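Reader: I have a chain open on my screen. Can you walk me through it?

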Amino acid sequence: MSLQKAENTLIKVFCILYGGGVIAHLSPFLFPFAQAITEPLLYISNALVFYFVLKNNPDKRLFSWIIIASILTFFIEVAGVATGQIFGPYKYGSTLQLKAWGVPFIIGLNWVILTLGGFVIVQYFLDKRYDSANQTSHSKYPRHSILLPLLTATTVVAFDWVMEPIAIWLDYWHWFDAPIPTKNYFTWFLISFIASFVLQQFNLKIHSKILIAYFLIQLIFFGLLRIFVH
């Protein structure tokens, strides 16, 4: 099977798994099972997405960015849980169990995938916009424009806003303050902006159908649960 066919097959598998996940989480009978498989499913899904991303974009700078951003994001979370000052006062629940210093290991990987997914989506639409403009003018794509990291950070924060109430309901984490602190969204905007700004400096043209699909599938998953639960 070619890489492209394998990627397309995995996208279909994700659609089935996350579609079934919506149904399972809304069923009192299946809910405990859905919660139990959440963490292993996230690890497997993220690993497969990273595999295809790096297969299609075999650049050592991208690999280094993924590793460093994952580690830094994890330790920012550690500081956030310990102090309650970075995102606001919160703690992680029991759904995500593999932890160190109160923070699940999957969190750093998950936020990097979301930031990278937002980056690729925004880059794709900016490319389309400027390609269209170039048909009637001599404008050039502003590779180092501040627009790319700004829109990437906005996309990630929008995802977080959709997810937050459902993450609480699913016992991913819990806030000590109600409502969810505005500081949380501001901090994630800043982190995503800096991470995507650094990635932008590599001037990479990242191609990843699986990354865009995975971002959107998760967004729809949390969006549907938010509609039906809240």
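Author: One term before we start. Buried means under 20% relative accessible area. Also, this is a predicted model.

Reader: Fine. Are Phe87 and Tyr90 buried or exposed?
Author: Phe87 and Tyr90 are both buried.

Reader: How do the rings of Phe87 and Tyr90 sit?
Author: A search of the whole structure gives 22 aromatic pairs. In the pair of Phe87 and Tyr90, the ring centres are 5.9 Å apart and the planes stand at 90°, so it is edge-to-face.

Reader: Which residues are in the cluster that ring pairs link?
Author: Phe87, Tyr90, Tyr92, Trp111, Tyr172, Trp173, Trp175 and Trp188.

Reader: What lies over the face of Trp161?
Author: Arg226 does, at 3.9 Å from the ring centre.

Reader: New topic. What is the order of elements?
Author: From the N terminus, α-α-α-β-β-β-α-α-β-α-α. That is seven helices and four strands.

Reader: Tell me about H3. What span should its 24 residues have?
Author: Helix H3 covers residues 60-83 and should span 34 Å at 1.5 Å a residue. Its end C-alpha atoms are 34 Å apart, which agrees.

Reader: And the ends of H3?
Author: At the start of H3, a side-chain oxygen of Asp59 comes to within 2.8 Å of the backbone nitrogen of Arg61. After H3 comes Gly84, with a positive phi near 70°.

Reader: Which H3 residues are buried?
Author: Among them are Leu62, Trp65, Ile66, Ala69, Thr73 and Phe74.

Reader: Last one. What is the radius of gyration of the chain?
Author: 18 Å. A compact globule of 230 residues would have a value near 17 Å, so the two agree. Of the 230 residues, 47% count as buried.

Key
Residues numbered from 1 in each chain as written. Predicted model: local features only at pLDDT ≥ 70, side-chain atom pairs only at ≥ 80, totals over all residues. Heavy atoms only, no water. Helix = DSSP H or I, 4+ residues; strand = E, 2+ residues; numbered from the N terminus. Expected span 1.5 Å × (residues − 1). Buried < 20%, exposed > 50% of the residue type's maximum accessible area, 1.4 Å probe, protein only. Polar contact = N/O pair within 3.5 Å; in protein donor to acceptor, adjacent residues only side chain to side chain. Phe/Tyr/Trp six-rings, centres within 6.5 Å; stacked < 30°, edge-to-face > 60°. Lys NZ or Arg CZ within 6 Å of the ring centre and 35° of its normal. Rg over C-alpha atoms; globule rule 2.2 N^0.38 Å.
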